[in-house]
Amino acid sequence: MQARPSAPNLSVAEPVLTAPSVSKPVLVSNRFEGTNSPAERFRQNVRVFEMLADLLTVALAVRSSYALYYELNLGKHIHYPSRLVMGVASGFAVLFVLMLDREGAYNHGSGLLRVKDTERILRVTFESFLLAFATTFFTGTLFSRWFLVTASTVIPIALLLQKLGFYMLVRALHSKGYGRERVLVCGSGILGRRVFSVLKRSPKLGLDPVALVDDDPDSIGTAVYEMSYGRRDSTQVIQGPVTRELVSQNGADLLVIADSTMSSNEFRHLVEEALSAGARVSFVPTHFAPADAWIDYEEVDGILLASFGRGGRQSVRDSLKALTDFVVSLAVVIVGSPLLLLLALLVRLDSGGPILFTQMRVGLNGKPFRLFKFRTMHVDAPPYEYSPTTPNDPRITRVGRFLRRTSLDELPQLLNVLRGDMSLVGPRPEMPFIVEQYNEVHRQRQQVKPGVTGLWQLSGDRGYHIHENIEYDLYYIRNRGFFLDLAILLHTVFFAMRGI
């Protein structure tokens with residue numbers, strides 16, 4: 001379908017969206033562009049390299065375990081072919097890393113104490129080897145129990161040593177300025193001092209607390225030390241209040257609010273000041289957290305930090321989703337090419353003119369892209385107006401009515417998926433003049449790639465504007481996963497076959 005009707009369900013105090021008077025769209029900047037900052041890219045690279053290092057470590061540990069088992073003459077001293085051992089080692093490494101990812105091992109909130117990392121590695125080792133024992137019991141491939149016991153000892157030791165070296169490397173890179181962000185901590189009380197210590201003890205975060213801000217005259221100028229035996233790292237308490245000028249003067253990329261005595265109005269004012277200075281905001285959750293904002297929670301060394309506008313990240317799952325999107329879309333294009341050619345011929349014979357309709361849409365993080373569809377309207381129909389809400393609209397061609405009813409006009413968007421602009425499942429992309437009038441709640445839709453189909457298209461509310469039912473997109477973003485995507489795709493095919 002061409003431009004679907006999509007107007008936000010704005011309150012009375014907010015302006016009503018209207019279509020622009022010009023045909024060429026005006027693109028607007030995205031408030032969440034900071035999520036692709038150099039420091040964020042550094043953290044993403046650290047996660048990728050940590051996963052690769054874990055894969056290699058586990059695979060080598062399994063291979064070394066077999067060498068120990070064989071050389072020490074343990075058990076029945078069974079000889080396994082090298083190809084089989086390497087295959088098992090590689091498969092087990094992939095399984096182990098996926099289980100670590102499920103446990104949150106590749107989130108960047110782990111502290112230098114690494115107790116949580118050790119606990120996670122021990123638990124995943126125990127669970128994976130229970131699975132390995134069950135596999136050897138129920139399949140014809142039997143591995144020596146001594147081999148499995150040896151591997152269950154070698155793997156956690158190897159991983160803990162590797163991660164110690166990895167953390168030391170990350171800290172060394174941060175000390176040279178790579179991936180670091182400057183942080184202001186609002187509050188110099190016990191909570192603020194704990195936040196300062198947590199950030200200092202969490203090298204994977206790359207967050208450098210440059211100062212604590214307070215209005216208490218007795219605290220101004222005092223030194224705050226990291227809460228550890230060494231008391232090596234310290235910073236100063238500077239005079240508040242927090243203003244956009246103070247944030248800019250200190251070059252802060254992030255403001256962390258750690259003052260539980262602050263009122264709701266003071267909290268909102270600090271958030272506005274920080275955002276106006278181009279900084280992000282995190283806070284230790286209290287009663288004044290806005291209920292309608294996108295809040296992403298993360299535990300860092302026992303401190304629960306909440307952030308605005310940073311939710312929806314699932315780096316590993318998103319990478320797998322992108323790979324699945326590409327493979328499935330390519331397969332559908334190849335297998336369905338006769339149908340695509342037939343539909344293209346029908347469009348051309350029905351009304352002449354171009355076969356494809358192209359239109360600028362706004363995608364992930366506000367990035368514009370050109371969307372493809374089979375043309376369902378007459379050539380002279382304006383490209384940037386709200387689309388028809390009834391099949392009898394005079395702008396729609398005869399073949400176009402069939403294509404829109406069956407959603408076959410969306411098939412060329414598989415090209416958008418292959419180009420990386422879209423996903424098979426996700427929120428629908430909007431036209432720029434609509435995105436221009438988004439509020440912060442609506443901008444949450446841009447935290448994931450737009451989709452060819454989604455929950456809203458399957459709902460009973462699909463006859464209304466997308467933003468009047470934004471809860472469908474928000475639910476998907478918070479709960480997205482492989483099986484939810486699969487269910488949505490199956491329902492989409494069912495709906496299309498019935499011509500709904």
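**A group of aromatic rings**

Modeller: Phe 96 has a relative accessibility of 0% and is therefore classed as buried; this term means under 20% relative accessible area, with over 50% called exposed and values in between partly exposed (1.4 Å probe, protein chains only). The model is predicted, so local features need pLDDT of at least 70 and side-chain atom pairs count only at pLDDT 80 or more, while totals for chains, interfaces and linings use all residues. Residues are numbered from 1 along each chain as its sequence is written, and side-chain values use heavy atoms, leaving out hydrogens and water.

Three aromatic pairs occur in the structure. One of them joins Phe 92 to Phe 96, with 5.9 Å from centre to centre and 50° between the planes, and is tilted. Rings of Phe, Tyr and Trp (its six-membered ring) pair if their centres lie within 6.5 Å; planes under 30 degrees apart count as stacked, over 60 as edge-to-face and the rest as tilted. Both residues belong to helix H2 (residues 82–102), where Phe 92 and Phe 96 are four residues apart, about one turn of the helix. Helices are DSSP runs (H or I, at least four residues), numbered from the N terminus.

Phe 92 is also buried, at 11% relative accessible area. Phe 92 forms a tilted pair with Phe 129 as well, at 5.0 Å centre to centre and 50° between the planes. Because Phe 92 lies in helix H2 and Phe 129 in helix H3 (residues 115–138), this pair ties together parts that are 37 residues apart in sequence. Phe 129 is buried, with a relative accessible area of 6%. Together, Phe 92, Phe 96 and Phe 129 make up one aromatic cluster.

Note on methods:
Helix = DSSP H or I, 4+ residues; strand = E, 2+ residues; numbered from the N terminus.
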